[in-house]
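Thanks for coming. I have a few minutes on one structure, so please look at the chain while I talk.

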Amino acid sequence: LFLVDMETSRPKTAPSGRMQQLRALRAQRRTKQPSLAKDKIIQDTHTYMNTEVDPVMSGAITYMLIERPGPETMLQVLLEYFTQLAAGVTLTPHAPPTKTPSTARLYMAKQMSPVFTHLMNLVLALRPEDVKAYLVTALAAMIESGDFEPATSAPPPASPAPEPSVPETELEPEAKPEPDPATLPKLPAALTILTLGSESSGKTSFLKSIQGDAAPKTQPTVGFTPVTLGMGDSKITFFDLSGGMPELWSEYYAESYGCIYVINASTSDMQFSADIKLFTETVSSPKMLGKPCLVLLSHPDLPSSRTPEEVLDDFPALESHLVLPAICNGKFNDNVLDPRLDSALSAYFKVLSPLCDELDARVLGDKEEQKKKDEEEKLAKDRRVMKKSLSKALGMNGYEVTDVFSKEDGEEFLAQEIGFMKAEELPAEGPGVAEMCGYQKIALMLVAGMVAPVSKKKRKWTWDEVEEYLKGCREEVERG
């Protein structure tokens with residue numbers, strides 16, 4: 001969709017009779033008041049999400065991001081979390097919370113997102129009064145059945161009858177011409193654009209619409225969803241970030257060339273002011289400052305909607321950014337894609353194009369800086385886990401002796417974790433390192449990951465380095 005340059009591809013002749021009819025019907029539709037039944041359903045859903053679902057799910061997402069269980073134990077860990085939560089106990093992660101490193105993105109997309117999306121769909125379909133108790137039942141059923149399709153106790157609520165619309169066959173617009181590559185903005189071979197905004201603002205609808213889905217069906221985004229589209233010779237990856245977790249957005253700033261910030265133009269004054277405040281904080285962040293941003297006003301044609309001119313009058317700070325309107329979901333537009341989406345994207349990429357050389361260097365530097373920061377945070381986290389394991393081995397700092405092997409079993413466990421068959425195959429330093437670990441299970445596993453990393457991207461430690469590392473950790477543990 002957004003490959004078309006609206007300025008150069010707009011027909012020079014008068015619109016056809018069908019297009020005139022379409023525009024007249026749209027103008028007539030815009031004067032209608034919104035359906036009261038639809039408004040009530042939307043408002044009830046927002047209230048239910050904000051009061052019953054978000055407080056439960058946000059804590060679980062944070063807990064899982066820190067714990068990061070594998071796919072084979074994820075459902076069991078979630079079941080234990082919600083079981084304790086239903087009993088009034090909030091589980092504390094084994095490691096203190098830190099900013100989510102970039103390595104968590106793949107984990108969120110591949111491991112967490114399918115499970116949490118499935119749970120959210122179940123909750124929204126059934127609307128249980130006790131969300132925690134229902135999640136315990138649902139997770140137990142998922143584990144027992146071995147898939148993500150547990151039996152439900154009630155059918156989903158009926159959807160309201162759709163408003164009548166003019167048959168599409170009568171209103172089908174004329175085919176749009178293919179864009180002339182010479183008119184497309186010049187962009188890097190690959191770049192990333194963030195799609196941001198509060199919950200239910202229209203971010204996911206926007207991304208599905210520019211892929212050609214005229215009336216997309218969407219669910220709340222969990223974590224983030226990448227969408228890659230082509231524009232000439234460039235591949236543009238849009239990151240659809242969850243509006244319910246803005247505290248995680250900053251982890252994606254380094255690699256972005258800019259953002260498209262979606263705001264519901266018809267929302268309440270209080271919510272609109274909150275959206276603008278969050279946008280201002282976002283674009284003022286050091287790694288976003290100066291990057292081109294488009295403020296896309298969704299739902300622009302409702303009676304209560306604000307125009308771009310009104311927004312700029314009320315919030316002059318937005319004058320340095322593009323502020324443009326567009327219907328992000330065609331279901332609010334007779335199932336027809338809004339051509340203003342093309343116009344908005346064309347205008348945005350024309351602003352971005354001359355800045356790309358400067359942004360290339362900046363993004364490269366920011367990514368290297370972020371990578372270094374993530375590595376430092378990972379090392380700090382691993383050191384905390386090692387010190388905790390050594391405390392359990394020694395029974396110090398408030399910990400009881402836990403998961404400690406005998407000398408023979410500990411050496412054999414370390415050997416097998418590294419890839420040997422027997423303890424006798426360990427190098428000369430192996431038994432001494434196992435003793436420094438106090439033969440504690442987690443400490444031995446961490447050591448094995450250092451001297452024999454599974455990933456080729458991880459640095460392989462020498463045994464001398466491990467001995468020095470353990471010596472320092474033990475000294476810190478013994479000091480308290």
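What you see is a predicted model, in which local features need pLDDT of at least 70 and side-chain atom pairs count only at pLDDT 80 or more, while totals for chains, interfaces and linings use all residues. Residues are numbered from 1 along each chain as its sequence is written, and side-chain values use heavy atoms, with hydrogens and water left out.

Confidence comes first. pLDDT is the predictor's confidence in each residue, from 0 to 100. The chain averages 80, and 78% of the residues score at least 70. Helices here are DSSP runs of H or I with at least four residues, strands are runs of E with at least two, and both are numbered from the N terminus. Over residues 1-16 the pLDDT stays under 50, and the model has 41 contacts for them beyond four places in sequence; contact means heavy atoms within 4.5 Å. Residues 149-176 also have a pLDDT below 50, with 38 contacts beyond near neighbours in sequence. Where pLDDT is low, the predicted coordinates should not be read in detail.

Now the overall make-up. The chain has 16 helices and 6 strands. Of its 480 residues, 42% are buried, and buried means under 20% relative accessible area, exposed over 50%, partly exposed in between, with a 1.4 Å probe and protein chains only. Accessible surface, by the Shrake-Rupley method with a 1.4 Å probe and, for residues, only the protein chains shown as cover, comes to about 25400 Å², and 55% of that belongs to carbon and sulfur atoms. Of the contacts with a separation of 6 or more, 76% are between residues 24 or more positions apart.

How far apart are the end C-alpha atoms of helix α12? They are 56 Å apart, which agrees with the 57 Å that its 39 residues, 356-394, should span at 1.5 Å a residue. The expected span is 1.5 Å times one less than the number of residues. Buried residues of α12 include C356, L359, V363, D366 and Q370. Their cover includes α11 (340-352), α14, α15 (441-451) and α16 (463-479). After α12 comes G395, with a positive phi near 65°.

Helix α13 (residues 407-418) has 12 residues and reaches 17 Å from its first C-alpha to its last, close to the expected 16 Å. G410, E411, F413, L414, A415 and I418 are its buried residues, and they pack against α14, α15 and α16. G419 follows α13, and its phi is positive too, near 125°.

On to the aromatic rings. Rings of Phe, Tyr and Trp (its six-membered ring) pair if their centres lie within 6.5 Å; planes under 30 degrees apart count as stacked, over 60 as edge-to-face and the rest as tilted. The structure holds 10 such pairs. In one of them, the rings of W249 and Y261 have centres 6.2 Å apart and planes at 80°, so the pair is edge-to-face. W249 is in the loop between β3 (234-241) and β4 (259-264), Y261 is in strand β4, and 12 residues separate the two. Both are buried. W461 and Y469 also form an edge-to-face pair, at 5.2 Å centre to centre and 75° between the planes, and both of these are buried as well. Y63, Y81 and F82 form one aromatic cluster.

A charge sits over a ring if NZ of Lys or CZ of Arg is within 6 Å of the ring centre and within 35 degrees of the ring normal. R459 lies over the face of W461, at 4.7 Å from the ring centre. R306 lies over F272, at 4.3 Å.

Last, single residues. S205 lies in helix α8 (residues 203-209) and, at 8% relative accessibility, counts as buried. Its C-alpha is 5.6 Å from that of C328, 123 residues away along the chain. Leaving aside neighbours within four places in sequence, S205 is in contact with P216, T218, C328 and N329.

Most residues other than glycine have a negative phi. S200, in the loop between β1 (190-196) and α8, has a positive phi of about 65°. Y439, in the loop between α14 and α15, has a positive phi of about 60° and, at 12% relative accessibility, counts as buried.
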